[in-house]
Amino acid sequence: MNRLRYFAPERLEELLEKFPRARVAVVGDFFLDKYFEVDPGLEERSLETGKPAHQVVRVRHSPGAAGTVVCNLVALDAGQVIPVGFVGDDGEGYELRQDLERLGCPLEYLPVTEELRTPTYLKPRDITDPTLAGEHSRYDLKNRRGIPAELEAKIISFVDKLVASGINAVIVADQVEESFHGVITPRLREVLSDLARKYPATVFWADSRRYIRQFRHVIIKPNYREAFGLDQPPDFSAGMAREWAEKVDQMRQQAGAPVVVTCGEKGMLVTDPERTWIPAVRLSGPVDPTGAGDSATAGAVLALASGASLPEAALVGTLVASITVEQLGTTGTASRRELLPRLEVWRSQQQMD
């Protein structure tokens, strides 16, 4: 197995210059991330129940799930980012559309429906503790029934239209674990497979919490747990290289397309043009991994759309994620100007190794 050890700054500059030319559609489950910032010093006691009444002193929100990918693409100066999915006819949907509009995204492919609600992650957190320990238990608002057939057909027509228009990349963000409850239905997966074969010049990239093995003919990005099918798979190491290679090769053959396996703080493993290990940037301070995979996806896909090889694209995604995880208590983003200095950190670590 090869290991990527060298990447010239000039090559990264060449790729970054092309980011503003890329048109990218993000198809999937758009959640609202809604943060309730709680001041523990103001806590009261309910007279009726005796339970603590946590006092919220600030509310903020941002696009989550597929929206996190959108935020990262915009921060990286993608030329046009097009959300494809739906929102409910509710307050969360209003806030989510506002957030996306502020990012400069067109909303014509994100219809409002009265039949479903806007999926939302409610995230209370302690304002005095920016680390993960400051997060309270999360409350999730999700749809408990399937997507209507009419809405599914509309989303499929949107994807067809955008791909036929010559869009550079399609990112699939399959967040909902319950079958048929999210945007990425079995039928839409079939359509994406057909389109990927019909339009080989377009980058198709899929990330899925539960159904990654059901995608065909599109680049898939499982994490190492999904690749091994285990909650606690073996760490990547020299002694495990053969077993890792066999698992990834099986996924590559099944998918009929390249595979990118993310391995957290260790790095990534890609299959094409040959198996290559991309070491991560080593970080010394506290990190928050929330949204790291989505930020890596944004960087990697923009690099692919700009002409990068898969190992090069994976490194760009690794650099982006290394920046976003250092932003505590939020789902972070990285800008283009931050990537060259971060590449120098990575290069110096490879020289030491």
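These entries record what I looked up in a predicted model.

**Entry 1: a pair of helices**

I began with helix H2, which spans residues 66–75, and helix H8, which spans residues 292–305. I found that their axes come within 8 Å and cross at roughly 50°. That angle makes H2 oblique to H8. I also noted the handedness: the crossing of H2 past H8 is right-handed.

I then asked which residues of H2 and H8 meet. From H2 I listed Thr-68, Val-69, Asn-72 and Leu-73. Their counterparts in H8 are Asp-294, Ser-295, Thr-297, Ala-298 and Leu-302. Sorted by class, this contact holds four nonpolar residues, four polar residues and one charged residue.

**Entry 2: cysteines**

Next I looked for disulfides, and the count is zero. I checked Cys-71, which takes part in no disulfide. The cysteine sulfur nearest to that of Cys-71 belongs to Cys-105, at 7.9 Å.

Cys-105, with a relative accessible area of 6%, is buried. The cut-off for buried is under 20%.

**Entry 3: Val-270**

I turned to Val-270, which I located in strand E16, residues 267–270. Is Val-270 buried or exposed? Its relative accessibility is 0%, so Val-270 counts as buried.

I set aside the neighbours within four places in sequence and listed what Val-270 contacts. The list contains Val-259, Val-260, Arg-275, Thr-276 and Ile-278, together with Leu-310, Pro-311 and Ala-314. I also looked up the separation of Val-270 from Lys-221: the two are 49 residues apart in sequence, and their C-alpha atoms are 9.3 Å apart in space.

**Entry 4: Arg-125**

My last entry concerns Arg-125, a residue of strand E10, which covers residues 120–126.

How values were computed:
Residues numbered from 1 in each chain as written. Predicted model: local features only at pLDDT ≥ 70, side-chain atom pairs only at ≥ 80, totals over all residues. Heavy atoms only, no water. Axes fitted to C-alpha atoms, helices over the stretch in contact; angles between N-to-C directions. Helix = DSSP H or I, 4+ residues; strand = E, 2+ residues; numbered from the N terminus. Parallel < 35°, antiparallel > 145°, perpendicular 65-115°, else oblique. Left-handed = near helix turned anticlockwise from the far one by under 90°. Contact = heavy atoms within 4.5 Å. Nonpolar A, V, L, I, M, F, W, Y, C, P; charged D, E, K, R; others polar. Buried < 20%, exposed > 50% of the residue type's maximum accessible area, 1.4 Å probe, protein only. Disulfide = S-S within 2.5 Å.
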